Amino acid sequence: MEKDIPIGFGEALIANSAAMDHYLRLPKQKQEEIINGTQNIHSSKEMRAYIERIINIE
C-alpha cells in the first residue's frame, strides 16, 4: 500500500528539484522508507536537511 506524501515533505521536495528528481526515480519501496523517515522530523530545518540526504540515496 502506498503512503500519502506528508505536506511538509512534499513542500521540501518541490523546493529542491534535484532531490525530487532523485526521489521519483527510486523504487516504490525505497520511497516508502523515506516517507516513513519523515515521522521523526519536527522542524522545517530538519526537513530540508533530510531532503538534501535524499540525493545520496541509492
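# Exercises on contacts and packing

Leaving aside neighbours within four places in sequence, Ala12 is in contact (heavy atoms within 4.5 Å) with Met47 and Ile51. This is a predicted model: local features need pLDDT of at least 70, side-chain atom pairs count only at pLDDT 80 or more, and totals for chains, interfaces and linings use all residues. Residues are numbered from 1 along each chain as its sequence is written, and side-chain values use heavy atoms, with hydrogens and water left out.

## Exercise 1: Ala12

Solution: 
- Step 1. Helices (H or I, at least four residues) and strands (E, at least two) are DSSP runs, numbered from the N terminus.
- Step 2. Buried means under 20% relative accessible area, exposed over 50%, partly exposed in between (1.4 Å probe, protein chains only).
- Step 3. The C-alpha atoms of Ala12 and Arg48 are separated by 6.2 Å. Along the chain these two are 36 residues apart.

## Exercise 2: The aromatic pair

Task: Find the aromatic pair and classify its geometry.

Solution: 
- Step 1. The structure holds 1 aromatic pair.
- Step 2. Ring centres of Phe9 and Tyr23 are 5.5 Å apart and the planes stand at 75°, so the pair is edge-to-face. Rings of Phe, Tyr and Trp (its six-membered ring) pair if their centres lie within 6.5 Å; planes under 30 degrees apart count as stacked, over 60 as edge-to-face and the rest as tilted.
- Step 3. The pair links distant parts of the chain, 14 residues apart. Phe9 sits in α1 (residues 7-15) and Tyr23 in α2 (residues 17-25).
- Step 4. Both Phe9 and Tyr23 are buried.

## Exercise 3: Packing of α1 and α2

Task: Describe how α1 and α2 cross and which residues make the contact.

Solution: 
- Step 1. Two packed helices are described by the angle between their axes and the distance between the axes.
- Step 2. The axes of α1 and α2 come within 5 Å and cross at roughly 115°. Axes are lines fitted to C-alpha atoms, for helices over the stretch in contact, and angles run from 0 to 180 degrees between N-to-C directions.
- Step 3. α1 and α2 are therefore roughly perpendicular to each other. Angles under 35 degrees count as roughly parallel, over 145 as roughly antiparallel, 65 to 115 as roughly perpendicular and the rest as oblique.
- Step 4. From α1, Phe9, Leu13, Ile14 and Ala15 make the contact; from α2, Ser17, Ala19, Met20 and Tyr23 do.
- Step 5. By class, this contact has 7 nonpolar, 1 polar and no charged residues. Ala, Val, Leu, Ile, Met, Phe, Trp, Tyr, Cys and Pro count as nonpolar, Asp, Glu, Lys and Arg as charged, and the others, Gly among them, as polar.

## Exercise 4: The salt bridge

Task: Identify the salt bridge and the exposure of its partners.

Solution: 
- Step 1. Lys30 forms a salt bridge with Glu33, the closest N and O atoms being 3.4 Å apart. The criterion is a side-chain nitrogen of Lys or Arg within 4 Å of a carboxyl oxygen of Asp or Glu.
- Step 2. Both residues lie in helix α3 (residues 28-37), 3 residues apart, about one turn of the helix.
- Step 3. Lys30 is partly exposed at 28% relative accessibility, and Glu33 is partly exposed at 39%.
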